[in-house]
Amino acid sequence: MFKPYLARPLDMMKAADLQMTADTYPARQSAAAAVRYLRPVLKWGASRRYLPREAALIEPPATVRRRDRVLTREELAALLPALSSSERPYRRALLFMLLTLARREEAAAARWHDVDLSADEWRIPETKNGRGHRVPLSRQAVAVLRAIGPGNPDAFVFATAGGGRLVNWDRETKAVMEDTDTAGWTRHDLRRTGATLLGEMGVEPHVIEAALNHAAIHSQLAATYNRARYLPAVRQALQFLADRLDGLAAGGAEVVKLAERRG
């Protein structure tokens with residue numbers, strides 16, 4: 001939407017033009033999201049007087065709706081076999097994201113020196129909240145990694161044929177949708193779906209938030225226990241999730257509450 005402005009000199013960047021572009025874009029939610037992404041850049045430029053200060057004051061043409069899309073059991077049953085049986089890096093990465101609740105860019109940036117297969121653990125040096133994150137790996141997640149490598153310590157875990165970073169996510173995701181007769185989901189929806197499945201199985205909210213690496217863990221226990229203390233519970237939860245996904249891929253596996261499993 002704002003691509004034409006890349007060729008425009010900064011001193012000719014006008015707030016009215018930017019606002020008109022956002023207001024007249026047909027997809028109002030997409031335009032609102034684009035404004036949200038662009039404003040920090042405009043504020044940075046305005047603070048250095050690279051462009052007029054009012055350019056950073058553009059407003060989104062609509063309120064960005066919070067996305068709550070979760071894949072259904074039927075969608076997962078169609079999707080999982082296509083991901084687990086493929087050697088294509090994007091599909092392996094999508095499966096890994098679902099198994100670990102990782103964000104797209106965390107999976108894309110993963111390098112082999114971040115992975116400890118002997119400890120079944122993946123360490124993310126820096127995440128969206130600015131903190132590192134230890135991800136305990138289920139047996140299924142380890143199997144995904146062992147099918148690929150390990151590779152050179154500095155190499156990307158999920159890489160193109162030339163060893164480059166995965167960047168064509170939209171194209172590859174659309175191909176997966178076409179192959180599995182699914183539609184309307186995003187990479188982040190996989191993360192939300194995994195967290196939802198954990199909730200359905202009775203995993204406690206603070207454990208789910210620790211698995212998601214949220215900046216704040218909303219629990220009475222958070223004031224007492226260090227985040228690392230949740231690691232064993234997160235490991236157990238992610239293994240339950242992987243087993244549940246295996247069941248869905250096989251066409252069965254009703255939700256079993258953890259209390260029932262322990263009983």
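Modeller: Happy to! A residue is called buried when its relative accessible area is under 20%, exposed when over 50%, and partly exposed in between, using a 1.4 Å probe and protein chains only. Helices (H or I, at least four residues) and strands (E, at least two) are DSSP runs, numbered from the N terminus. What you see is a predicted model, where local features need pLDDT of at least 70 and side-chain atom pairs count only at pLDDT 80 or more, while totals for chains, interfaces and linings use all residues. Residues are numbered from 1 along each chain as its sequence is written, and side-chain values use heavy atoms, with hydrogens and water left out.

Let's pick helix 9. Seven of the eight residues in helix 9 (residues 205-212) are buried, so the rest of the structure largely encloses this helix. Those buried residues are His-206, Val-207, Ile-208, Glu-209, Ala-210, Ala-211 and Leu-212. They pack against helix 4 (89-100), strand 3 (133-136), helix 8 (187-200) and helix 10 (231-249), where contact means heavy atoms within 4.5 Å. Just past the end of helix 9, Asn-213 has a positive phi of about 60°.

Two strands count as paired if DSSP finds at least two bridges between them. Strand 2 and strand 3 run antiparallel and are joined by four bridges; among the facing residues, Ile-124 has His-133 of strand 3 as its bridge partner, and Glu-121 stands opposite Pro-136.

Now helix 4. Its packing angle with helix 7 (residues 169-180) is about 85°, and the axes are 10 Å apart. Axes here are lines fitted to C-alpha atoms, for helices over the stretch in contact, with angles running from 0 to 180 degrees between N-to-C directions. Helix 4 is therefore roughly perpendicular to helix 7, a label for angles of 65 to 115 degrees. Helix 4 contributes Tyr-90, Arg-91, Ala-93, Leu-94 and Met-97 to the contact, and helix 7 contributes Trp-169, Glu-172, Ala-175, Val-176 and Asp-179.

Methods:
Parallel < 35°, antiparallel > 145°, perpendicular 65-115°, else oblique.
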